[in-house]
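The notes below go with the sequence and coordinates.

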Amino acid sequence: MKKINISRQNIKKCIAKPHFQVFLASFSICLLLFFIISKQSGSNIPPKIQDAFDPIISTSNSVNKNIRPISSVNGIFDGMFSNTKEYALNVKTGDSIASMLSNIGVGYTDILEVSKSINPVFKLSDLRPDTDKLIVRVKPLNDSDEKAKVKLISLEIVKSPIYRIVSTKTDDGFKTVESKSNINSELVRGEGIIEKGTSLTQVAVSQGIPYNVIDKFYEIFSFDVDFERDIYPGDKFQVMYEQLYSDNGEYLGSGEVIFASLYLNSRHNEFRLFRYKNEKGVVGYYDENGKGASKTLKKTPINGARISSKYGNRKHPVLGYSKAHKGVDFAAPTGTPIPAAGSGKVVFRGWINGYGNYIKIRHNGTYSTAYAHMSRFKPDVKVGTQVKQGQIIGYVGSTGLSTGPHLHYEIIKDGIHVNPLSVKLPSIQNLSGNEIAKFTSLRDKINIQFVVLDKNFSQFANLIDIKSIDVELLK
C-alpha cells in the first residue's frame with residue numbers, strides 16, 4: 001500500500017485549490033442553515049400543530065428582564081439580513097402604550113408620534129388588560145440624543161384574532177389603519193348516547209363538543225325537556241354547529257348551533273330543532289313543522305336544579321301541617337342567579353311573609369310568574385321594569401319560611417296557580433305562509449348536510465352540493 005505523505009505544506013496546497021475552497025464554503029453555509037432551521041423548529045411537531053399550542057403572546061412585560069424578542073413573521077432568515085426585532089407583549093393592569101414601549105427602549109419622540117397617529121383610530125385609554133396584546137417591531141440605535149435604544153418600525157394593537165390596529169413608520173411619519181380579517185366557518189357534527197352514571201354534558205365533552213354549544217343545546221330544548229329529570233341511559237343526542245376561523249386559519253372558537261336533536265326513550269319521542277332566520281331578521285329554532293321551540297315561559301328557570309318539593313298538597317316543612325304548595329321548589333346554592341322565565345313587566349318586588357324576598361312578573365293577559373325566598377334582588381330590577389326572558393332578576397336564598405336555599409317558582413294562569421312542570425305553554429312564534437316554504441327548503445338542506453358529515457356517508461359527499469345552503473339564512 002502506498003503511503004500517503006501528509007504535511008503542513010501539502011495541506012496548504014490543498015486549501016489553496018479553488019475547488020476545495022468552494023466545497024468548504026458550501027459545507028459551511030449548509031451547516032449554518034441546518035443550525036438555524038433546527039433552532040427555529042425546536043421539535044418535529046408540524047408548524048400548524050405547533051401554532052395551535054403556542055399562544056400568540058407569550059411574553060410578560062412587567063419588567064425588562066422578562067421581555068424577549070420573538071422571530072420575525074417574515075421568515076426564518078430575517079435575522080441574517082436584517083437587525084429588526086419583534087416583541088409580543090400582553091397588556092397588564094396599569095400598563096400604557098408609553099410604558100410598554102419605553103420598557104423595550106423606544107424613545108419619547110417615537111412614542112409621541114405613534115400615539116398621535118393611533119388616537120384618531122383607537123383611543124389608547126381603551127386598552128383592555130389581560131385581553132389586548134401588542135406586537136412591536138424595532139431596530140437598534142447606536143446614537144440618540146434622547147437615550148433611545150431602538151427605533152420603532154411598527155406597532156400592532158391586537159384586539160382579537162380578527163381585529164387589530166396597525167401603525168407603521170413611513171417617510172411622512174406613522175400611518176395607522178384598522179386591519180379586519182373575515183370570519184370563515186365550517187360545519188361540524190357531534191353526537192352521543194347517554195350511558196349509566198354519566199350526564200349529557202359529560203358525554204358531549206368527551207366527544208369534543210365545546211361548552212358553549214352544549215349550553216345552547218340545553219337552552220333551546222329547555223322549554224320541553226327537564227334535563228335533570230327527563231334524561232335516562234340510552235337517550236341519544238345529535239348536534240351540528242359552526243367552527244370559526246380567521247383568514248389565516250386561526251381557530252376562533254365555535255359559532256351557532258344549526259341543528260340539534262334529542263331522543264328520549266322515556267317518551268319514545270325525538271325532538272328535532274333547526275335554526276332559521278325569518279323575514280324580519282329574527283333568529284329562532286323550529287321543529288320540522290315550523291313550530292317555534294321557544295315558549296312563553298320556561299318550566300324550570302334554573303337549568304339542572306334539583307326539585308326539592310313538587311306542586312300540590314304537602315306537609316309544610318316549617319309549619320308542620322298540610323298546606324297547598326302552589327309552586328315547585330328548586331334546590332340551589334345561595335347566590336345562584338335566577339333568570340326570568342319569560343319576558344314581561346315586574347309588578348311586585350318586596351317582602352311577603354312566608355315567601356321572604358319575592359318578585360312577581362306579568363307576562364301577558366294570561367300568564368304571570370312568581371319567585372320567592374331570594375337572598376337579594378338584582379338592583380336594576382324594580383316594579384315597572386320590563387325584563388326579557390333569561391334576564392337575571394335576583395339570587396337564590398332562604399328568606400321567609402324556608403329550611404334551606406332554594407327557589408320557589410310559581411306559574412299563574414288566568415289568576416289560578418298551575419303546575420309549572422305539566423302546564424302546556426304556547427310557542428312564542430310559529431311559521432306560516434311563505435315562511436313555511438322557505439323554512440322547509442332550508443330544513444331539507446340542513447338534513448342533507450348533516451348526513452354528509454357522517455363519516456359513514458363521506459363517500460357520497462361529492463354527489464351532494466353542500467354549498468347549496470343559503471348562508472344568510474343560517475346567520
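**Aromatic pairs and packing**

Phe217 and Phe221 both belong to helix α8 (residues 211-221), where they are four residues apart, about one turn of the helix. The model is predicted. Both Phe217 and Phe221 are buried.

Aromatic rings
- The ring centres of Phe217 and Phe221 are 4.8 Å apart and the planes meet at 55°, so this pair is tilted.
- Phe330 and Tyr409 also form a tilted pair, because their ring planes are at 50°, with centres 6.5 Å apart.
- That pair links distant parts of the chain, with Phe330 in strand β15 and Tyr409 in strand β23, 79 residues apart.
- Phe330 has a relative accessible area of 0% and is buried; Tyr409, at 0% relative accessibility, is buried too.
- A cluster of ring pairs joins Phe259, Phe274, Tyr276, Tyr286, Phe439 and Phe450.

Charges over rings
- Lys298 places its charged end over the ring of Phe223, 5.7 Å from the centre.
- Arg376 lies over the face of Tyr395, 4.0 Å from the ring centre.

Nonpolar cores
- The largest nonpolar core has 27 residues, and Ile338, Ile359, Ile361, Tyr371, Ile393 and Tyr409 have the most contacts inside it.
- Strands β15, β18, β19 and β23 each supply at least two residues of this core.
- Another core, apart from it, has 26 residues, including Val188 and Phe221.

Helix α6
- Asp110, Ile111, Val114, Ser115, Ser117 and Ile118 of α6 (residues 108-118) are buried.
- These residues cover an arc of only 160° around the axis, which puts them on the same side of α6.
- Tyr108 and Lys116, on the other side of α6, are exposed.
- The buried residues of α6 pack against α5, β4, β5 and β6.

Methods. Residues numbered from 1 in each chain as written. Predicted model: local features only at pLDDT ≥ 70, side-chain atom pairs only at ≥ 80, totals over all residues. Heavy atoms only, no water. Buried < 20%, exposed > 50% of the residue type's maximum accessible area, 1.4 Å probe, protein only. Arc of directions from axis to C-beta. Contact = heavy atoms within 4.5 Å. Core = buried A, V, L, I, M, F, W, Y, C linked by side-chain atoms within 4.5 Å. Phe/Tyr/Trp six-rings, centres within 6.5 Å; stacked < 30°, edge-to-face > 60°. Lys NZ or Arg CZ within 6 Å of the ring centre and 35° of its normal.
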